[in-house]
Amino acid sequence: MSQIKQPGSLLLLGVNHTTAPIDVRERLAIPISRLADATRTLAHQPGVREAMILSTCNRVELLTVQDDAQPVATTTLGLLNFLHDYLSLPAAEVRPHVYEFREREAIRHLFRVASSLDSMVVGEPQILGQVKESWNVAREVGAVSSMLDPLLQRAFSVAKRVRTETHIGSSSVSIASVAAELARKIFGSLAGKTVLIVGAGKMSDLAARHLIQQGATTLLVSNRTEARAEKIADSLRTPAITTGVIPFEQLHEQSHRADIVITSTGAGQVFTTEHARALLHRRRNRPVFFIDIAVPRDVAPEINKLEGCFVYDMDDLQQVAAQNQAVRSREAEAAETIVTKEVARYTDRLSRAPAIAAIKVLQLSAETIRQQELARTAARLAAQPLTPEQQAAIESLTKSLTAKLLHSQLAALRAEITPVDREE
Amino acid sequence: MQNDILDIRVFLAAKYIAMSLLWLRVAVVLYGIAAFAVLPAALYNRPRWRHVALPAALAGAFFHFVSITETLYAAHRALPVDTHETLSMLGLLLATAFLVLTARYKTVSFGIFLLPVVVLMTIVPAFRPGHETIAYPFIRTGWLLLHVALLLAAYAALFLSLIASLLYLIQERRLKQKLTTQKRSWLPPLETTDQIALKALLFGLPCMTAGLLIGSVVALQTIGPTFFADPKVLLSLAMWIAYMLMIFIRQHSGLRGRRAVYLSSFVFLVVLAVWSANALSAVHRFRAP
């Protein structure tokens with residue numbers, strides 16, 4: 001009779017942006033090129049049955065399944081020693097920043113991380129891809145199997161459920177992404193659109209990059225210092241992006257070429273209502289979007305009243321970002337509820353897993369014995385083979401006997417399983 | 001023997017009409033479901049409701065098509081005669097327009113306006129069908145079918161353009177007032193609605209031109225030049241001029257937003273006037289007395 005394998009205990013050890021400063025996270029970070037080797041090494045640590053490492057810019061986490069025989073303190077120490085040996089980082093230096101989750105809490109933490117509830121920007125979509133990447137690496141090196149594999153698959157489906165049932169990731173929360181989102185509301189796809197940057201500044205540069213990411217293909221730069229404009233254009237030029245410089249004195253004559261104008265000169269009233277009217281006339285009333293991130297403002301607020309002109313200044317963008325952040329916070333509460341329910345469901349299933357496995361083993365073992373006895377009897381009666389009717393009668397008899405003998409044990413085991421699982 | 005054949009024909013025609021009414025009622029129910037489901041799908045961004053709205057609208061359009069085909073087959077003619085049938089056919093065209101827009105632009109927002117109109121256009125013929133018969137034998141010709149179908153397509157295109165312009169206006173106002181929270185993300189981007197409005201008009205113009213030309217040629221051959229002094233015909237000419245002017249203005253001055261809505265609404269009123277001018281027309285009547 002085969003033995004039922006003990007499931008092992010789940011241990012998650014890690015640091016993230018809330019527990020460790022960036023210099024500690026930097027030293028703990030494991031680049032993707034070394035992830036396979038690190039995972040393999042971790043999986044071969046004493047007492048570790050399964051392992052996965054998640055390493056991103058905001059977190060490093062070691063998810064392991066430990067032998068049940070291992071004392072609790074030893075397991076934690078073992079993982080800290082791994083960090084020490086593998087990354088040459090003293091355990092004492094890391095220890096104060098490390099959080100540790102076991103069993104149910106580890107499952108909960110994993111579900112929250114995959115669902116982007118533990119991220120620096122709650123709802124950001126990259127984390128799920130990073131968890132999947134770590135899982136793929138761990139699978140490739142054979143570090144995950146019967147316990148971590150289903151757990152991670154469950155984490156992915158929980159994350160998917162959170163994405164589809166809440167709006168946690170549907171609104172932008174940074175100024176640059178809000179600007180890009182507004183541009184999409186005006187132009188739909190930004191493919192083929194032209195962005196004009198007036199003035200130089202980090203924020204305008206960031207906003208332009210976001211717009212380029214969304215599909216804008218032409219970038220024009222205008223600055224009082226032409227060399228500076230050239231430098232910005234060069235920094236944003238790629239094979240897919242056409243860039244150009246508009247001399248500042250020709251700004252009003254040429255600004256109609258742009259669908260989106262980002263201004264950050266701070267010189268005040270670079271665009272007046274008259275300029276905007278002329279611009280609209282040249283564009284034959286095609287909409288134009290002014291993103292004014294300068295203080296004092298570069299774009300006259302009255303321009304927003306002109307049909308086809310949309311003006312958003314820094315305050316407007318921040319207001320939208322704040323509204324979106326509030327939406328995310330509300331959605332995060334709904335997402336937490338989903339995670340809590342999913343954790344309960346998963347741990348419940350885990351707690352019943354030994355009983356289910358025992359039933360399977362018991363049934364398999366009984367069936368094996370029954371088949372062996374039938375074969376032995378058939379060999380004994382080889383000289384006088386049974387008729388098909390007799391064979392069927394013996395089959396039925398042995399099955400009935402086996403079922404009756406196992407009944408009390410199976411009933412006791414089944415009592416531990418809820419009706420839902422019996423249906424499964 | 002001849003009487004028997006006649007009886008069988010009458011029986012079959014009655015059966016077809018009864019079946020066509022049944023299919024039309026099924027279509028109304030399905031359109032109703034779609035019109036209801038499109039609200040949470042578009043307004044609250046609930047994808048599950050989208051999976052209800054689209055199949056219901058598609059199935060509704062299918063049963064609607066079957067119903068119209070059976071009606072015309074039973075009546076041994078190829079085009080709608082009374083107001084109810086015409087409304088029903090226009091409803092089918094609008095439902096088709098909604099499905100095409102959804103497939104092309106991946107937005108169900110137009111359904112908020114189009115589907116209730118489709119329901120209204122089909123609910124009357126489904127539960128109170130018209131009983132007019134036709135007086136003219138030429139009405140069975142394919143040319144008149146083309147005349148009616150093309151004009152209905154032009155009306156549907158104009159209605160669609162009006163809705164697109166309205167959506168443009170709502171989205172423009174929201175962006176100008178900086179009310180850009182998630183709740184109203186159902187509105188398509190401005191450029192998309194503008195494209196839809198213009199493309200619908202550009203589709204409608206050749207339909208209207210060809211429809212009116214065919215109608216005029218057929219009228220000239222059957223009724224004679226007096227047809228052109230009829231108020232209905234004169235209004236139709238005014239409608240065509242207004243339609244063409246609207247496209248010209250939109251194309252050449254880039255008219256959008258509020259003024260585009262006003263212009264579309266004006267042309268739509270002209271279309272309604274042309275439609276209702278049947279009551280004044282002495283010659284554009286095809287019902288048997």
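The model is predicted, so its local features need pLDDT of at least 70 and side-chain atom pairs count only at pLDDT 80 or more, while totals for chains, interfaces and linings use all residues. Residues are numbered from 1 along each chain as its sequence is written, and chains are lettered from A and ligands numbered from 1 in the order in which they are written. Chain A has 15 helices and 10 strands, whereas chain B has 8 helices and 0 strands. Here helices (H or I, at least four residues) and strands (E, at least two) are DSSP runs, numbered from the N terminus.

**The chains as a whole**

- In chain A, 39% of the 424 residues count as buried; in chain B, 42% of the 289 residues do.
- A residue is called buried if 20 or more other C-beta atoms lie within 10 Å of its own, exposed if 12 or fewer do, and partly exposed in between, with C-beta atoms placed from the backbone.
- Take the contacts in chain A between residues at least 6 apart in sequence: 72% of them join residues at least 24 apart.
- For chain B, residues 24 or more positions apart make up 82% of the contacts with a separation of 6 or more.
- Two residues are in contact if their C-beta atoms, placed from the backbone, lie within 7 Å.

**The antiparallel sheet of chain A**

- Strands of a sheet pair through backbone hydrogen bonds, either parallel or antiparallel.
- One open sheet of chain A has 4 strands in the order β2-β3-β1-β4, with antiparallel pairing; two strands pair if DSSP finds at least two bridges between them.
- Its edge strands are β2 (48-55) and β4 (99-102) of chain A, each pairing on one side only.
- The twist from one strand to the next averages 15°.
- Strands β1 (residues 9-16) and β3 (residues 59-66) of chain A run antiparallel and are joined by 8 bridges, and A:Leu10 stands opposite A:Val65 in β3(A).
- Helix α2 (residues 32-43) of chain A packs on this sheet, where it touches β2 and β3 of chain A, and its direction makes about 150° with that of β2(A).
- Such angles run from 0 to 180 degrees between N-to-C directions, using axes that are lines fitted to C-alpha atoms, for helices over the stretch in contact.

**The parallel sheet of chain A**

- Another open sheet of chain A has 6 strands in the order β7-β6-β5-β8-β9-β10, with parallel pairing.
- β7 (242-245) and β10 of chain A are the edge strands, and each pairs on one side only.
- Neighbouring strands of this sheet are turned by 15° against each other on average, direction ignored.
- Strand β6 (residues 218-222) of chain A pairs with β7(A) in the parallel sense over 4 bridges, and A:Val221 stands opposite A:Val245.
- Helix α10 (residues 226-236) of chain A packs on the sheet, touching β5 (194-198), β6 and β7 of chain A, and its direction makes about 175° with that of β7(A).

**Where the chains meet**

- 21 residues of chain A are in contact with 16 residues of chain B.
- On the side of chain A that touches chain B, α8 (175-187) and α13 (314-380) of chain A each supply at least two residues, and α8(A) gives the most, with 5 residues.
- By class, this side of chain A has 7 nonpolar, 8 polar and 6 charged residues.
- In that count, Ala, Val, Leu, Ile, Met, Phe, Trp, Tyr, Cys and Pro are nonpolar, Asp, Glu, Lys and Arg are charged, and the others, Gly among them, are polar.

- Because 12 of its 13 residues are buried, α8(A) is largely enclosed by the rest of the structure; A:Glu181 and A:Lys185 are among the buried ones.
- The end C-alpha atoms of α8(A) are 18 Å apart, in agreement with the 18 Å that its 13 residues should span at 1.5 Å a residue.
- The expected span of a helix is 1.5 Å times one less than its number of residues.
- Just after α8(A), A:Gly188 takes a positive phi of about 70°.
- Helix α2 (residues 47-74) of chain B has 28 residues and reaches 41 Å from its first C-alpha to its last, close to the expected 40 Å.
- Buried residues of α2(B) include B:Ala53, B:Ala57, B:Phe63 and B:His64.
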